Amino acid sequence: MNTTTIGFIGTGVMGTGMIRNLKKAGFPVNIYTRTKSKADALIAEGCQWFDSPAAVASASDVVISIVGYPKDVEEVYFGDNGILKGKKGGTVIDMTTSSPSLAKEIYHKAKSLGIDALDAPVSGGDVGAKNGTLAIMVGGEEAAFDAMNAVFSAMGKTLTYFGPAGSGQYAKMSNQIAIASNMMGVCEAIAYAQKSGLDPEKVIATLSSGAAGSWSLANLAPRMVK
């Protein structure tokens with residue numbers, strides 16, 4: 001068993017898969033989510049639930065967050081019961097798709113408290129979270145990134161350090177720009193195929209094997225059709 005205790009804030013579709021892979025790698029995991037009942041399965045699997053981000057932080061060596069929006073990130077880090085109210089040393093890692101400026105703000109506040117902070121958004125969706133194959137884009141101090149290799153390796157397959165605080169979020173924005181146009185194209189292609197009387201599942205299978213193949217086409221198009 002790994003002796004590093006992980007605190008994890010956010011047990012949604014992404015968080016749940018990531019937590020299970022951390023546990024599979026031998027890390028003890030403390031968790032918090034706003035609605036405790038949503039974490040019942042993880043609690044039954046051995047995760048320890050705490051009633052606030054601060055409480056999780058005080059009981060954990062490394063705290064990871066993956067929540068909804070930047071406003072949620074602000075709340076879990078800077079709120080009255082936020083992570084930075086309870087953390088003493090160690091490392092915090094925000095894996096939410098958020099903003100570079102907020103990542104920098106967290107970094108500087110954490111640094112003033114003697115805490116290492118990394119912004120590490122991910123790509124790969126719920127499938128990648130479940131299978132431990134996420135692409136993880138990291139900003140912050142390189143030494144802190146290197147120290148978290150075992151933690152990141154439990155959740156992802158492609159681990160890339162991009163530079164100082166905010167760099168991970170800049171990389172994720174590049175990802176979003178690239179994927180947005182592709183997703184729109186996939187939607188239009190499937191709608192066109194259906195209106196033309198074609199079997200959309202056959203279209204997806206065929207296009208996926210050719211030059212039009214993409215992650216969105218292979219993974220999201222079947223859900224659209226369903």
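Tutor: Fine; keep in mind that this is a predicted model. Leaving aside neighbours within four places in sequence, methionine 95 is in contact with Met18, Ile64, Ser65, Ile66, Ala120, Pro121, Val122, Ile136, Phe152 and Met155.

Student: How many residues does the largest nonpolar core have, and which have the most contacts inside it?

Tutor: The largest nonpolar core has 30 residues. Those with the most contacts inside it are Phe8, Leu22, Ile64, Met95, Phe152 and Met155.

Student: Which elements each supply at least two residues of this core?

Tutor: The strands are β1 (6-9), β2 (29-32), β4 (62-65) and β8 (134-139), and the helices are α1 (13-24), α8 (142-147) and α9 (149-155). The most comes from α9, with 4 residues.

Student: What does a second, separate core include?

Tutor: That core has 18 residues, including Ile9, Leu84, Leu102 and Ala110.

Student: Switching to helices. At what angle do the axes of α10 and α12 cross?

Tutor: Roughly 45°, and the axes of α10 (residues 167-195) and α12 (residues 215-225) come within 10 Å. The two helices are therefore oblique to each other.

Student: Is the crossing of α10 and α12 left-handed or right-handed?

Tutor: Right-handed.

Student: Which residues meet there?

Tutor: From α10, Ile179, Asn182, Met183, Val186, Cys187 and Ile190; from α12, Ser216, Leu217, Leu220, Ala221, Met224 and Val225. By class, the contact of α10 with α12 has 10 nonpolar, 2 polar and no charged residues.

Notes
Residues numbered from 1 in each chain as written. Predicted model: local features only at pLDDT ≥ 70, side-chain atom pairs only at ≥ 80, totals over all residues. Heavy atoms only, no water. Axes fitted to C-alpha atoms, helices over the stretch in contact; angles between N-to-C directions. Parallel < 35°, antiparallel > 145°, perpendicular 65-115°, else oblique. Left-handed = near helix turned anticlockwise from the far one by under 90°. Contact = heavy atoms within 4.5 Å. Nonpolar A, V, L, I, M, F, W, Y, C, P; charged D, E, K, R; others polar. Core = buried A, V, L, I, M, F, W, Y, C linked by side-chain atoms within 4.5 Å. Buried < 20%, exposed > 50% of the residue type's maximum accessible area, 1.4 Å probe, protein only.
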